[in-house]
Amino acid sequence: MSQTDFIYLMPLLILTFAVLVSMLVIAAWRNHKIIYVITALSCIAAFGSLFELRTTTAYVIEPMFVIDGFGVFYIGMILLTSLLVSMLSYAYFEQREERKEEYYLLLVLATLGACVLVISTHFASLFLGLEILSISLYALIPYLRTRPRSDEAGIKYLILAAFSSAFMLFGMALVYFSTGTMVFSGLAASIAGMQELPLLLLTGIGMMLIGVGFKLGIVPFHMWTPDVYEGAPAPVTAFIATVSKGGVLGLLIRFFMEVDGFRYPVLVTILTIVVIASMFAGNLLALMQKNVKRILAYSSISHLGYILVAFMAGNQMGVEAVTFYLVAYFITSVGAFGVVAMLSDKNSDAELLEDYKGLLWRRPWTAAVFSAMLLSLAGIPLTAGFVGKFYIIAAGVNDQLWLLVVMLVLNSVIGLYYYIKIIAVMFQQPEIEREQAIRLRPSIYVASAGTLAVLALLLVYVGVYPTGLVQLIQNVLVSVPEIVAK
Amino acid sequence: MILVWLIVILMAGGLLAWLSKKVSPVLPRWVALAAVLLDLILIVYLWISTEATAGSAWLMRYEVPWIPQWGVSFSLALDGLSLLMLVLTFFLGLLAVLISWKEIKNKVGFFHFNLLWVLAGITGVFLTMDLFLFYFFWEVMLIPMYFLIGVWGHENRTYAAYKFFLFTQASGLLMLLAILGLYFIHGSETGRYTFNYFELLNTPLAPAAARLLMFGFLAAFLVKLPVVPFHSWLPDAHSQAPTAGSLILAGLLLKTGAYGLLRFVIPLFPTATIEFAPWAMLLGVIGIIYGAIVAYSQTDLKRLVAYTSVSHMGFVILGVFAFNEWALQGVVMQMIAHGLSTGALFILAGFLYERLHTRDITQMGGFWAKAPKMGVIALVFVMASLGLPGLGNFIAEFLTLVGSWQADNLMTIFATIGIVMATAYSLRIMQKVFYEPGPQHESFSDLNFREMLIAVPMVLGLLWLGLYPQPILDTAKPSINEQLQAYTSPEPTIAEPKTALHQQPEATVNPAQVTIHQRSFTNLQIFQSPN
């Protein structure tokens, strides 16, 4: 490794360093506020170091990593989201008894894992990133151990994620056996001439896709999503919905673009079925839920389906659309779970539809933010979600994926129903005046409220003036020849 | 720039109205009133000041790039058709504010926010010349309307609001697909990816593609209009909405569908539209007769009026697909006259509901003696709705039928039967509510000053439309000819004048006035203005 390599890995090093510092501080002196500040600062510093890296050419660290515009953009997105999540976490954990400090440690570690994922070009770094992410999540999900459903969620995720890792490893082994390489580009080179994939290699890639599918929570690997979303603390849920899925999606895009998986009809057919099934399963099951976190969980399954529609386009516009939608989805998800976190009281999260009844008349601003987030998820104009959905449909139409696009439209309408249902509940007049939840210290809500306000403004800004973001995404993709060539 | 202001005033007014609730509970009403009034004054001023250039179709344009990467621009343009629609929008908007003055008692600020944003969305729809922006505004209308129905509506409001929302959103998404299809076909044919209406007009389309894309657009417009198999959201939405909501739904939202047919479907897909025309006219006639029959059997006054809308909108689709100037003149007149007359009937229903707290006409009766002023005004509204000569709807239906006769005799005969049926249901309103003795209500006051202030302008408007429709027809004429050009011109495409229009992407404050050569219609002498 050369000295420049270190500069290019600076964001990852900063995060690693922050973990070490936090650990030492916790050993010496437990203080929620200090750990929180360290976390926030490390995210900001890591994000700041990205400005050194925004080049238009890809920097390769053989054989593990490539730092290109795409990677830098995704890392930036992940870091900002982690920052927002930790902001929301502060108020959330401040009102809880348990020891709060290790939470941030795990959060930073999981962020590190996600960052590693989006820049890896080698099976080893891929697996490392995935495991750092997963293992942190094993502890983050059941972090509030005294909660009734937290054990269930934690164990469910542990077992299923471990399973998926095993699948992934086995898949890698098969791919390595067939091609003799573990580097993405090497794999691409060795299959470039093939018209059809040999069965063993196909099985290998298929098993890797199973692993990725688990992490993304798409059908048929979605069973963990609602339970984990429900059982995990609200900020962790926000983290899983965004950073964890976004990291894996970045990896998937890089891998598939490099290997050009869209050339093989069998892979495309499998993915098409998965995408359509995800959209329908997510939306239809969400219709039946009465728990807001579960609704959002099922809706996230369908949203991953939407994103993959653009991914299936397999060209630059598709990647742009995926990235744009992901940004919109990150803002929206963090915002939505942020509202859930903010409304939660000491003992349980605000997750039943009952909890939201008449919210608009009790807490108009919170309700307005939540409505905006839900409208964005539903893809209504003036929000980022509208432009994102438009982008995705445009990418699909451009590539003439009519089946997928029509399914997406159909699902958008189904989806509308349950988003509107939540909004309608917020508008209902409560029969009896609910008692205001007792707030421990009003001042700590400032962080949460500020974060939510920022998210809502971003949402509207991107929705009304998407040009800047579109331009940025197009610019960063220039440095990735595999994508631009398509 | 003035076109942008029309939208900005409404949006800003909406926010201000919401916020001003904190200061005083009556302030939102005044803010909303001021905002709509300002817009009305602006548009009337535009109408008067641009009368001199009646020969050109486009009176004003405004265009700035919005998302240049995708070829999306913030492009607004005003022609006679948009102008008329906007006058109607702000006039009915003003009435909607007035009618809610006493009716809406809770969440006044939020109510006016929604009201003004619906109006802003409608204004946008009538002005925009960029298909992305059009879709954007098309959707902007929905959410506030959903709230208007869902929050301030009557007993079954949630169901009605859902139904309204899902119907319109689903059909709107189909239109989005068609817009994108058009965008990419145009892009791959010409190398220029743009959502600009004027450029997309010249898109060379294979017949099959044109047909599919047309159906995408039709889906949105026919549901909004609504044409019979897709109408089932309308009676629910109308009857559950508060009076102002019904007024805007019937008077304006339905018109966006008709406007879309005129502005987009006819010019963009000439051949496909001609193929579809017989079916569309059939749907229109079915709508006319079905709406009239079902309206007759309603006991809920608002549902009755809602079904009459279905019937009246049948004339719109009949006229649109007749492809001649007569019929389109009739369509424009129908859009305006129906906006006034049906809006008026909803307002009447609102007056009655305020007094009786019911919309059931079997609970009403004998009000002529108690409230003669209301009776007279109701009589005018009802006569307008049944198409009595001297009132706006007569002109509209007459022109439409004359036009559609040239296209299809049989359909026109059936459509005329619909007018006879209109007499039946209209007179039934009068009979049941005002003449027939009914259950006694102790306190039934006549119209007060505010209510007269609402009703009298509508009466005057209807009379004006019926007695002197020439200004309306003159204003709409250039625009109608513009829409029809693809059907009457010898060459298949409409190339020459419009290429000049879009070549000013940076024109920030440039209300460019463009004259477009007029095709003369020699067989239309009787509706030319006397001088």
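Across the interface of chain B and chain A, zero salt bridges are found, a salt bridge being a side-chain nitrogen of Lys or Arg within 4 Å of a carboxyl oxygen of Asp or Glu. This is a predicted model, in which local features need pLDDT of at least 70 and side-chain atom pairs count only at pLDDT 80 or more, while totals for chains, interfaces and linings use all residues. Side-chain values use heavy atoms, with hydrogens and water left out, residues are numbered from 1 along each chain as its sequence is written, and chains are lettered from A and ligands numbered from 1 in the order in which they are written.

The contact (heavy atoms within 4.5 Å) takes 34 residues from chain A and 29 residues from chain B. About 3,200 Å² is buried between the two chains, and carbon and sulfur atoms give 83% of that area; buried area is the accessible area (1.4 Å probe) that two parts lose on being put together, summed over both.

I turn now to the helix pair. The axes of α5(B) and α7(B) come within 10 Å and cross at roughly 175°; axes are lines fitted to C-alpha atoms, for helices over the stretch in contact, with angles running from 0 to 180 degrees between N-to-C directions. Helices here are DSSP runs (H or I, at least four residues), numbered from the N terminus. The two helices α5(B) and α7(B) are therefore roughly antiparallel, the word used for angles over 145 degrees. Among the residues making this contact are B:Phe134 and B:Trp138 of α5(B), and B:Leu173 and B:Leu176 of α7(B).

Notes:
Angles under 35 degrees count as roughly parallel, over 145 as roughly antiparallel, 65 to 115 as roughly perpendicular and the rest as oblique.
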